[in-house]
Amino acid sequence: MRFAVAVPAVIGLAIGGVAVAENAVGASPPSENAVGERVAGQSAAGQIAVGESPAGENAAETPRVIRRSDVVFMYDNPALYEAYGCTVLGWAGHADREHIADAHRKGVRVFASSVGFRTEFAGMIDFSPRFAEARCLNFAGEPFIVPWLWDHKHKGEPAWWFCTNSPLYRSYLRHRLERVVASGADALHIDDYTGTAGAVTWLDACFCPDCMRGFREYLRGRFDAAELRELGVTDLDHFDYGEFLRQQGITPDRYHKERPKLPLAEAFVDFHVKSVTDFVAEFRRAGEGLKGGPLPLAVNSNLNGPMNLAITPHLSYFCCELDHRAASREVPLQPVYAYKLADGLHRSVTSTASGGDWAYINEHRLPGLVRTWAALSYAFGHNLMAPHRMWCYTQQKGTHWYSGPTEEYAWLYRFVRERAELLDEFEAVAPIAVLYDNHSQRQGKGNIQDIVRSLADANVPFAVVVHGDDWLPGYRITKETLERYRLLVVPGDLQPDSELA
Ligand SMILES: [Zn+2]
């Protein structure tokens, strides 16, 4: 086992990351033929491998739900199941029991139905005449819309961003969960699962009464009275964070510009992330309670940054949008980061490209580029969803759709199904590991994206090993982890916690 410290400034140069790592310590180059290794312990054919929610100690050990040879549809279309060999529904909407039973008869093994934490504003408006009370409020006390749904309206109302800390909104989401479970869905997908937490760092949320109440309880649990006094909080029972900042002369404009440096800013983000993570974990448990058995969970998380990873210990697999930089017309390296990080987290990635990517494909008709994305995902052991109907988005056009021609894509997905033995039950062999440290990432340090891109660009087999923290429990690097690799690449600006240091 050797260590190499990679300097990001150098890593940024072409394949500099690899050169620096190897030259620095004289490591042997990785074996060219180390492409894969068959592993035991996969589930029997024809069964969904599901289990208990794995949060906590054994986050790294969760039953595999998605197989490497699965063909995943984002949206449902029974007329195309056979053409593509569809085995998984990733993001289906309102299916009933009969429809799902029919999908099973047609070869679909996992039918996941989706609940949208931000896209279902119309359902919430219909659910309660008091819907306005459940809207997120920014620091100025104003409700706001989901920015990318600017072109959507329901009963004259825009796409309000509802607060996942609101008991009223939670009762709507619970109602949706009941419908999903009653439909006989095999798994639960949540779109925009970060809910309110996803609006904290750029939309100045959320200062609604429910979040203010929740933040009081968070502070009570984290700090004792002396610590609170030190932080300027003298009367916790009547504490209102928005009011607290306004009394210090903070205006909405200043809040927007200076948020990370303001008093209690770190605690406020921590509260929101933990609050939504706990809620989603509870949501899954409630679903399992209703179902009377396991309910695998997938979410739309692009794996980018600690906030988007916090749900991982409660997750069965990712079902998400990844930026493929279509306009570059090149083989994208960004998805490789998500695939390798997901491997380090022991989760599969069923993915689609971004709305912007599909808008570009739709405009320029580039099926060969899309097939490259699909091949890339399967080569890395993950699953790009079949492109028969994809969401497109541009600021000018808003929401529109790309219907990928069956004759351009179905044969590639049929190949995956027909040659499943080339894909299933393999794990990548990697002599080199790259360290992802969540504690460093939360300080804005330890970024490994350039290192990963450089290694991928140089065709060097590598793994990502993950060291978690209180946002990502259950992932710890041990001596045994490191003994599996000949070389560990560590970002030069790492800020590890005391355990990793
Ligand atoms: Zn709120």
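Q: How many residues does the protein have, and what percentage of them are buried?
A: Buried residues account for 54% of the 501 residues in the protein. Here buried means under 20% relative accessible area, with a 1.4 Å probe and protein chains only. Keep in mind that this is a predicted model, where local features need pLDDT of at least 70, side-chain atom pairs count only at pLDDT 80 or more, and totals for chains, interfaces and linings use all residues. Residues are numbered from 1 along each chain as its sequence is written, and side-chain values use heavy atoms, with hydrogens and water left out.

Q: How many helices and strands are there?
A: Helices (H or I, at least four residues) and strands (E, at least two) are DSSP runs, numbered from the N terminus. In this protein there are 19 helices and 18 strands.

Q: Which residues coordinate the zinc ion?
A: Look for donors, which are N, O and S atoms within 2.8 Å of the metal. For the zinc ion they are the SG atoms of C163, C206, C208 and C211, at 2.2 to 2.3 Å. Along the chain, these donors follow the spacing C-x42-C-x1-C-x2-C. C163 sits in the loop between strand 7 (157-158) and helix 6 (167-182), while C208 sits in the loop between strand 8 (187-191) and helix 7 (209-222), so the pair ties together parts that are 45 residues apart in sequence. Both C163 and C208 are buried.

Q: What is the geometry of the zinc site?
A: Four donors count as tetrahedral if all angles lie between 85 and 135 degrees. The angles among the four donor atoms of the zinc ion are 97 to 119°, and the site is tetrahedral.

Q: Where is N362, and which residues does it touch?
A: N362 belongs to helix 14 (residues 355-364). Its relative accessible area is 16%, so N362 is buried. A contact means heavy atoms within 4.5 Å. Leaving aside residues up to four places away in sequence, N362 touches C392, H400, W401 and Y402.

Q: How far does helix 11 reach, and what follows it?
A: The expected span of a helix is 1.5 Å times one less than its number of residues. Helix 11 (residues 265-291) has 27 residues and reaches 39 Å from its first C-alpha to its last, close to the 39 Å expected. After helix 11 comes G292, with a positive phi near 75°.

Q: What percentage of contacts join residues at least 24 apart?
A: Among contacts between residues at least 6 apart in sequence, 73% do.

Note on methods: Donors are N, O and S atoms within 2.8 Å of the metal (3.2 Å for Na, K and Ca); water is not among the atoms, so sites may look incomplete. Four donors count as tetrahedral if all angles lie between 85 and 135 degrees; four count as square planar and six as octahedral if opposite donors are over 155 degrees apart and all others between 65 and 115; anything else is irregular. Buried means under 20% relative accessible area, exposed over 50%, partly exposed in between (1.4 Å probe, protein chains only).
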